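This briefing sets out the computed features of a predicted protein model. The points are grouped by topic for reading alongside the structure.

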Amino acid sequence: MDMEKLVALCRRRGFIFQSSEIYGGINGCWDYGPLGVELKRNIKEAWWNDMVRNPPPAPDGDEISMVGVDCSIIMNPKVWEASGHVGGFKDPMVSCKFCRKLYRADQVWEQVVVSAWVTSLLDLYDPSSEKGVTGLDLKKWANGKGKRLAPNLALVRNPEVTLSWISEAAARQDGKLHFADAKQWLGYMATEQRAAGPLVTPCPACGGDLSEPRAFNLMFMTHVGAVQDEASIAYLRPETAQGIFVNFRNVLDSTRLKLPFGIAQVGKAFRNEINPRNYIFRSREFEQMEIEFFCHPDDSMKWYQYWRDVRIRWYTQLGIRSEKLRPREQGKEELAHYSIGTTDIEYLFPFSEEPQELEGVAHRGAYDLTQHAKFSGKDLSYFDEQLWEREKIKYPEPKAAQEAKSKEPYRFMPHVIEPSAGADRFTLAVLCEAYAEDEIGGEARTVMRFHPRLAPVKAAILPLVNKEGMPEKAHALYRELKRSWNVFYDDKGAIGRRYRRQDEAGTPYCVTIDGQSLQDNTVTMRDRDTTQQLRVPIAAVADELRKRLEPGREI
């Protein structure tokens, strides 16, 4: 699938726009258009319905207790000190000394090797040629394409001096320049004066020298109140999870929930990404769908496996059925310091050769509640009242009973399983998975094969012609259906052209009012994917749509 075609379709049909486009846009920020906002809203509603309002049964068949919260984007900055974000939420950053662009140090070489100037430079090398690449070849490139593609590369800025170092290296390879170790050779071409230190890392954009890595905090800082000083510093939340943890006691006291139970939240988060890229996959403002599931430590691995399996199935049931969906258990060296286990649910996007994370299901242990209890001085432990009622007879003395109630196994810090999904990333995966090109009757068409639950528009109501009473019947049906779903009325153009417009928008069903409708009050219901048409009584259209759109209980 061609990513450029998908991006063009998303802009043309109103799925996604560049934010502030009329002012040249802003990197890492995107706006959802009329179809895009419906698609993303349907994704969030499907998640909330399937995971919170009507979650699947527990491993033993019992009902799962789930509640929701909606926490503030700006919180007390001590929250982020306790969570480790103030001190540890940092990426190593490098910057170009010439064009001033910023890059993550651990990802910069990935961008260098696919840059336009490196591609052009490597084109000089013909592996079938015995002569390799000569200094003359490199000097010619530097004075030609190099000035346009990589004006700040050492080879382009000062070819004579830089080539002298490259010649020394070539002498160790029988006088020939080979690109067997492309990273090393690019380092030579980026290093104007060779010293005892390491070779220079070139800028992917202009070829200039990159700085040494330095820490870069990913949180957006702001000030609360009229005075901007140290005391007024606050942050836009980099994740939604911490709002749930700091409200653990409030939720527990106000609902009287018993372990195990989950607290869910859908909301915006913000990260000042050094290099946002890949469309809406990595942006500076994004939306998360998170559950913090609290359970007894002895049962935590069972619940970790449960939520991992539930979340994988959820994606497949909403149309991500291809081999591109790949769950991956993180190795020990990848795990966060607090994590007992993490599964990344990944999807192979068109812009990457490796699967990228859609969701992480993490066993966070008791880390978060323990940290917030420590930093706030509040008791965030859980008291197992049911266990105490069964065993309190063991402690007839009031003092012994009071002491026992303050310790395990009656009072303890719950463990947490966290399924954390990105609403924007799943929206992108849905768009990628849905995009298809085929032929109908010898005519090419572009079609978005959205799962019906996620489709922005559920049905289009189409009078065959604008006369003979067809518009009146069509409008009446449209008004009936729009009370329950987002439906679209279209009476402009030939019926085939209208079908194609709806196929491109991903509308699963088109309902056409034609001449026969005037005689027997039936309509044709066309399926987007098969293009087959079914004759249905007008009075039964709503029930037929409801049957096709309502979620099953497969999860």
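How many helices and strands are there in the protein? The predicted model contains 22 helices and 23 strands. The chain has 555 residues, and 50% of these count as buried.

**Overall dimensions and surface**

- Taken along the principal axes, the box filled by the C-alpha atoms is roughly 90 × 80 × 50 Å.
- The protein has an accessible surface of about 27,000 Å², and carbon and sulfur atoms account for 49% of that area.
- Of the contacts between residues at least 6 apart in sequence, 66% link residues at least 24 apart.

**Packing of helices α1 and α18**

- Two packed helices are described by the distance between their axes and by the angle between those axes.
- Helix α1 spans residues 3-13 and helix α18 spans residues 423-434; their axes come within 11 Å and cross at roughly 110°.
- Because angles of 65 to 115 degrees count as roughly perpendicular, α1 is described as roughly perpendicular to α18.
- On the α1 side, Met3, Leu6 and Cys10 take part in the contact, where they meet Leu428, Leu431 and Cys432 of α18.

**Cis peptide bonds**

- Most peptide bonds are trans.
- The bond between Leu259 and Pro260 is cis, with omega about -5°. Pro260 is placed in the loop that runs between α13 (248-255) and β9 (261-270).
- Glu408 and Pro409 are likewise joined by a cis peptide bond, for which omega is about 10°. Pro409 is placed in the loop between α17 (398-405) and β15 (411-412).

- A negative phi is found in most residues other than glycine.
- Tyr279 has a positive phi, near 60°, and lies in the loop between β9 and β10 (285-295).
- Glu468 is not a glycine either, yet its phi is positive at about 65°. The loop between β19 (459-463) and α19 (470-481) is the place of Glu468.
- Is each of these two residues buried or exposed? Tyr279 counts as buried because its relative accessibility is 10%, under the 20% cut-off. Glu468 has a relative accessibility of 54% and therefore counts as exposed, the cut-off for that class being over 50%.

- Gln371 belongs to helix α15 (residues 367-376) and is buried, with a relative accessible area of 16%.
- Gln371 and Glu81 are 290 residues apart along the chain, while their C-alpha atoms are separated by 9.4 Å.
- Pro456 is located in the loop between β18 (443-448) and β19. Its relative accessible area is 0%, so Pro456 is buried.
- Between Pro456 and Arg41 the C-alpha to C-alpha distance is 8.6 Å, although 415 residues separate the two in sequence.
- Which residues does Pro456 touch, not counting those up to four places away in sequence? The contacts of Pro456 are with Phe15, Leu35, Glu38, Leu39, Asn42, Phe450, Asn486 and Ala505.

Technical notes:
Residues are numbered from 1 along each chain as its sequence is written. This is a predicted model: local features need pLDDT of at least 70, side-chain atom pairs count only at pLDDT 80 or more; totals for chains, interfaces and linings use all residues. Side-chain values use heavy atoms; hydrogens and water are left out. Helices (H or I, at least four residues) and strands (E, at least two) are DSSP runs, numbered from the N terminus. Buried means under 20% relative accessible area, exposed over 50%, partly exposed in between (1.4 Å probe, protein chains only). Contact means heavy atoms within 4.5 Å. Accessible areas come from the Shrake-Rupley method with a 1.4 Å probe; for residues, only the protein chains shown count as cover. Axes are lines fitted to C-alpha atoms, for helices over the stretch in contact, and angles run from 0 to 180 degrees between N-to-C directions. Angles under 35 degrees count as roughly parallel, over 145 as roughly antiparallel, 65 to 115 as roughly perpendicular and the rest as oblique.
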